[in-house]
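Here is a short briefing on a protein model. Look at the structure first, then read the points below it.

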Amino acid sequence: MADISGDMKSICEGIAAAYESRNNSVKGLKGDARAIRKNAVKFVNDCRVVHEKMAAGLRRELKETHKRLQERVNSLREDFKTREEEVLSDLRAASELWNKMGETLRAKKRRART
């Protein structure tokens, strides 16, 4: 029976030693988890700051690009209006010439009939 008693004592000591080892491991894991959580919070905050800076830069660039595009479109519209006026003026002149030519041809036809 002394043998069983010694085995029980050995098992109990093993359980106690394992308990302390597991307890220390859990404490270490808790510390690691705290450090990971702390680093994750810092990372998220850093990302937020970088994101805000990038967003501000993009907004600024978009405003500048929009302004340049607006200026370019306005310039193109003014150029189009100018050219449109020139084309309309040319068309009016061509119409007048066409009408005069038509009148001249009709007059010649009338003279030729008489």
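Asp79 and Arg83 form a salt bridge, with their closest N and O atoms 3.2 Å apart. The model is predicted. Start with this pair, then move on to the other salt bridge, the surface patches and the cysteines.

**Salt bridges**

- Side chains of opposite charge can pair when their charged atoms come close.
- Asp79 and Arg83 sit four residues apart in helix 1, so about one helical turn separates them.
- Asp79 is partly exposed because its relative accessible area is 36%, a value between the 20% and 50% cut-offs.
- Lys42 forms a salt bridge with Asp46. Here the closest N and O atoms are 3.1 Å apart.
- Lys42 and Asp46 both belong to helix 1. They are four residues apart, about one turn of the helix.
- Asp46 has a relative accessible area of 38%, so Asp46 is partly exposed.
- How many salt bridges are there by this rule? The count comes to two.

**A patch of negative charge**

- Which residues gather in a patch of negative charge on the surface? They are Glu84, Glu85, Glu86 and Asp90.
- Glu86 lies in helix 1, which covers residues 2–113.
- Glu86 has 46% relative accessibility, so Glu86 counts as partly exposed.
- Patch members need over 30% relative accessible area, and Glu86, at 46%, is above that cut-off.

**A nonpolar patch**

- Ile4, Met8, Ile11 and Ile15 form a nonpolar patch on the surface.
- Together these four residues have about 410 Å² of accessible area.
- Met8 is found in helix 1.
- Is Met8 buried or partly exposed? Met8 is partly exposed, because its relative accessible area is 47%.

**Cysteines**

- How many disulfides does the structure hold? The structure holds zero disulfides.
- A disulfide here would need a pair of cysteine sulfur atoms within 2.5 Å.
- Cys12 has 46% relative accessibility, so Cys12 counts as partly exposed.
- Cys47 has 34% relative accessibility, so Cys47 counts as partly exposed too.

**To recap**

- The two salt bridges are Asp79 with Arg83 and Lys42 with Asp46.
- One surface patch carries negative charge and includes Glu86.
- Another surface patch is nonpolar and includes Met8.

Notes:
Residues are numbered from 1 along each chain as its sequence is written. This is a predicted model: local features need pLDDT of at least 70, side-chain atom pairs count only at pLDDT 80 or more; totals for chains, interfaces and linings use all residues. Side-chain values use heavy atoms; hydrogens and water are left out. Patches are made of residues with over 30% relative accessible area and no salt bridge: like charges are joined within 9 Å, nonpolar side chains (Val, Leu, Ile, Met, Phe, Trp, Tyr) within 5 Å. Accessible areas come from the Shrake-Rupley method with a 1.4 Å probe; for residues, only the protein chains shown count as cover. A salt bridge is a side-chain nitrogen of Lys or Arg within 4 Å of a carboxyl oxygen of Asp or Glu. Lys and Arg count as positive and Asp and Glu as negative; His and the chain ends are not counted. The place of a charge is taken as NZ of Lys, CZ of Arg, CG of Asp or CD of Glu. Helices (H or I, at least four residues) and strands (E, at least two) are DSSP runs, numbered from the N terminus. Buried means under 20% relative accessible area, exposed over 50%, partly exposed in between (1.4 Å probe, protein chains only).
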